Amino acid sequence: MKNRRHDAILEIIGENIVATQEMLIDLLAERGINTTQATLSRDIQQLCLVKQRDENGIYRYTLPPAAAVEKSIFSDAVIGVDYALNTIVLKCRAGMAQGTCAAIDSVKHEGIVGTIAGDDTIFILARSEADAKRLAKKFKSDLMDRM
């Protein structure tokens, strides 16, 4: 349910000007997703959403620049990094893989063919074993930076 809600939130803020949590709760309800304000606040924090002025001067929920999102979510979510051949595996805290995977996708790292996220695991398919090794090293370094 959480992953579905997170995906819906990201779609909604991408398609609509969402200025308040109440507005977001209503738009989620229109999609059949009922949630509380407290849960939504946690979702906003986990997705690293921010309120920024758009080009018309209207404050709205949005994702911050991609690299900042990835680093922020990564530091909160990822607890392990490993790779085999051209596949990288990121172990995450329960329920955090979807948002982390979306953040990684948004950065468009060179050498990544695609990603798949479950509840607590992300599989990253790299173009080559060398790309997987380089990216795993980068992700491990990011993980060590927070410790």
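Biologist: Which residues of helix H1 are buried?

Modeller: A residue counts as buried under 20% relative accessible area, as exposed over 50% and as partly exposed in between (1.4 Å probe, protein chains only). In H1, Asn3, Arg5, His6, Ala8, Ile9, Ile12 and Ile13 are buried. This is a predicted model, in which local features need pLDDT of at least 70 and side-chain atom pairs count only at pLDDT 80 or more, while totals for chains, interfaces and linings use all residues. Residues are numbered from 1 along each chain as its sequence is written, and side-chain values use heavy atoms, with hydrogens and water left out.

Biologist: What covers the buried residues of H1?

Modeller: Helices (H or I, at least four residues) and strands (E, at least two) are DSSP runs numbered from the N terminus, and contact means heavy atoms within 4.5 Å. The cover over H1 includes helix H2 (21-30), helix H3 (37-46), strand S2 (59-62) and H5.

Biologist: At what angle do H2 and H3 pack?

Modeller: Axes are lines fitted to C-alpha atoms, for helices over the stretch in contact, and angles run from 0 to 180 degrees between N-to-C directions. H2 and H3 meet at about 100°, their axes lying 10 Å apart. H2 is therefore roughly perpendicular to H3, a label given to angles of 65 to 115 degrees; under 35 is roughly parallel, over 145 roughly antiparallel and the rest oblique.

Biologist: What is the strand order of the open sheet?

Modeller: Two strands pair if DSSP finds at least two bridges between them. The 4 strands follow the order S3-S4-S6-S5, with antiparallel pairing. Strands S3 (78-84) and S5 (112-117) are at the edges with a single partner each, so one side of each lacks a neighbour in the sheet. From one strand to the next, the twist averages 15°. Helix H5 (residues 97-107) packs on this sheet and touches S3, S4, S5 and S6; its direction makes about 165° with that of S5.

Biologist: How many residues has the largest nonpolar core?

Modeller: Such a core is a set of buried Ala, Val, Leu, Ile, Met, Phe, Trp, Tyr and Cys residues joined through side-chain atoms within 4.5 Å. The largest has 20 residues, with Val81, Ile88, Leu90, Ile122, Ile124 and Phe139 making the most contacts inside it. Helix H4 (66-77), S3, S4, H5, S6 and helix H6 (129-145) each supply at least two of its residues, and H6 gives the most, with 5. Another core, of 15 residues, lies apart from it and includes Val18, Leu24, Leu28 and Ile44.
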